Amino acid sequence: MLRYVLKRLVSLVVSLAVASVVIFAIIEIAPGDPASFMLGMNAQPETLEALREELGLNQGKLARYLTWVSGLLQGDFGISYTYRTPVGEMIAARLWVSLPLALYALTLSTLIAFPAGIFAASRRGEAGDLGVMGATQLGVAIPNFWFAMMLVLIFAINLRWFSAGGFGGWDAGFFAGMRALTLPAIALALPQAAILARVMRSSLLDVLGEDFIRTARAKGLSARQALWRHGLRNALIPVLTIIGLQFSFLLAGAIIIEQVFYLPGLGRLIFQSISARDLIVVESVVMLLVFSVIVVNFVVDLTYAAVDPRLRTRT
Amino acid sequence: MNRSLILGASLSLFFVGMAFVSFFWTPFDHAALDIAGKLQTPNGNHLLGTDHFGRDMLSMIMVGARTSIAVALVAVGIGMGVGIPLGLWAAARRGSLLDETIMRANDLIFAFPALVIAILITAVFGAGARNAIIAIGIFNIPVFARITRGAALSIWQREFILAARVAGKSAARISAEHILPNVANLLIVQGTIQFSLGILAEAGLSYVGLGAQPPTPSWGRMLADAQTLVAIAPHMALIPGFAIILTVLGLNLMGDGLRDHLDPRLRVARS
């Protein structure tokens, strides 16, 4: 197990390093000089030069890359070109919206998908199974931002149960905050729940065909008991992977959903930064998203290996 | 033939046909403004109503189908064109440094969700349909590379491949002549699925302003226009939404149906 962990750890570090080089290189080829963008057309050459010096733009590419990465490692994301405030603080403030939203949506999608998948698998081929499978077909076809607009139309505009958008912050209390995130979380969760339910069903069906389930039935367990005692636990491995993968899709999906609900999360930050050509913010937010995807997948891999020793020998 | 395949193929063909017809004929000029006739709900003259500028929604949907289909098609083309050769190459040199490098590079691309790639490309090169295509296409590469490699590995174990090697065929020739035809079914099915994902991704990117730019009509942009008007003109949001859902549903059903049709073993295993 230790060998496996070390091996995965090395590949984690390599992935992160390569990802940071790729992101840095892409931002590097962006046309335009941030200093002249900040100061406008009529800037004095001396002021421009001073600002370039201050922002570290006069250093070579390698030196700037190293400054950026060593800053990231110490939690220093640099200074925003537009707002002149630390990028780290801007990201942290937005993360308090995006992260709870992603977790909320993940919880909802799991709560919907598990019962739906188990229900469908235990009634394979019957009307209930066909109903769930039909619903999941529809669920994966619905764009989440369109579903979000429909939720606003029904629950915010017509029924007035929720507000149509905006986020008052957590200062107003936990429940007020959760309430503001409820419609966005539902919108994010629905397509993910559909995928997860399908995975749950097919994984459970695979396991139910195994010999040990037949053994369990032979020693007198009912089909239902065999499913709950032996089937479910063994079916969870593929489901775990998908949950891990989904977390990254939820973070990315939140970028679009935040636009629908005017939530001040990472998504809005990234779009504001693009239109202001505040590329240092774009660079750091993208790195953060990619970092979270790589780390979540790493954790999922380790969880697997802990649950299923057979996987440790595979790469 | 099975029901999913027929239903899915009909739905998909319907939207492809609509896009095709739009080259020659639309009920109205899709870009013609008619402020006096704005926000009409569906009626005899404008079958799907008009938007906030009085543009005919049906004409916009028809021309918008073109954008969706073109973006998704080219993106799948990029994914297949690069991903399949990479996957075949990796499988032919199983376990080598090359194999390992290709697969690790794939993992790395997977760490950038399509939307994040699109954001990076847009931040640097500006928004537009072409950059949306590139972003979705890049994301498709590892999907096809991985699936091709996985399927090809098991074909390489078969005896007829051994026979081909004994006959002196090179790895490249075996890949092209024997491996590819045997994994083609799988790739066609995956192609349909990626095509539907491409349509969803294009709609999302256009919705946030990173995809097709005005005046190119796009279903995602129609939804963005509809957002502030959803309370007074719900049809502006409902119609493009249904267009996206039906197209994606059709493609997914077609993919499922094709899988069952092309690989009867799966049908037995699943029922």
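A definition to begin: helices (H or I, at least four residues) and strands (E, at least two) are DSSP runs, numbered from the N terminus. Housekeeping next: residues are numbered from 1 along each chain as its sequence is written, and chains are lettered from A and ligands numbered from 1 in the order in which they are written. This is a predicted model, where local features need pLDDT of at least 70, side-chain atom pairs count only at pLDDT 80 or more, and totals for chains, interfaces and linings use all residues.

Confidence, then. pLDDT is the predictor's confidence in each residue, from 0 to 100. Chain B averages 85, and 97% of its residues score at least 70. Within chain B, α2(B) scores highest, at a mean of 92, and helix α10 (residues 264-270) lowest, at 51. Over residues 267-271 of chain B the pLDDT is below 50. Where pLDDT is low, the predicted coordinates should not be read in detail. For the complex, the predictor gives an ipTM of 0.86 and a pTM of 0.86.

Now the layout of chain B. Its secondary structure is ten helices and zero strands. The C-alpha trace spans about 75 × 45 × 35 Å along its principal axes. Burial goes by C-beta atoms, placed from the backbone: a residue is buried if 20 or more others lie within 10 Å of its own, exposed if 12 or fewer, and partly exposed in between. Of the 271 residues in chain B, 49% are buried. How many residues of helix α6 (residues 159-166) of chain B are buried? The count is zero among its eight residues. After α6(B) comes Gly168(B), with a positive phi near 95°.

Contacts need a cut-off too. Two residues are in contact if their C-beta atoms, placed from the backbone, lie within 7 Å. Take the contacts in chain B between residues at least 6 apart in sequence: 71% of them join residues at least 24 apart.

One helix pair deserves a slide. Two packed helices are described by the angle between their axes and the distance between the axes. Axes are lines fitted to C-alpha atoms, for helices over the stretch in contact, and angles run from 0 to 180 degrees between N-to-C directions. The axes of α2(B) and α7(B) come within 8 Å and cross at roughly 145°. Residues in this contact include Ala72(B), Val76(B) and Gly79(B) of α2(B), and Leu187(B), Gly191(B) and Gly198(B) of α7(B). For residue classes, Ala, Val, Leu, Ile, Met, Phe, Trp, Tyr, Cys and Pro count as nonpolar, Asp, Glu, Lys and Arg as charged, and the others, Gly among them, as polar. This helix contact divides into 15 nonpolar, six polar and one charged.

Next, the interface. Here 31 residues of chain B are in contact with 37 residues of chain A. Which helix gives the most to the side of chain B that touches chain A? That is α9(B), with eight residues. This side of chain B divides into 24 nonpolar, six polar and one charged.

On to the core. A nonpolar core is a set of buried Ala, Val, Leu, Ile, Met, Phe, Trp, Tyr and Cys residues joined through C-beta atoms within 7 Å. The largest one has 161 residues, and among those with the most contacts inside it are Ala148(A), Val286(A) and Val116(B). Helix α2 (residues 57-92) of chain B supplies the largest share of this core, 20 residues. Leaving out residues up to four places away in sequence, Ala148(A) touches Leu183(A), Pro184(A), Ala187(A), Ile257(A), Val260(A) and Phe261(A).

Ala235(A) lies in helix α10 (residues 223-261) of chain A. Why is Ala235(A) buried? Because 23 other C-beta atoms lie within 10 Å. Beyond four places in sequence, Ala235(A) touches Ser203(A), Leu204(A) and Val207(A).

Thr26(B) sits in the loop between α1 (3-21) and α2 of chain B. Thr26(B) has 17 other C-beta atoms within 10 Å, so it is partly exposed. Its C-alpha atom and that of Pro85(B), 59 residues along the chain, are separated by 40 Å.

Arg160(A) has a phi near 60°. Arg160(A) counts as exposed, because it has 9 C-beta neighbours inside 10 Å. For Tyr262(A), phi is near 50°. Tyr262(A) lies in the loop between α10 and α11 (266-275) of chain A. Tyr262(A) has 12 C-beta neighbours inside 10 Å, so it too counts as exposed.
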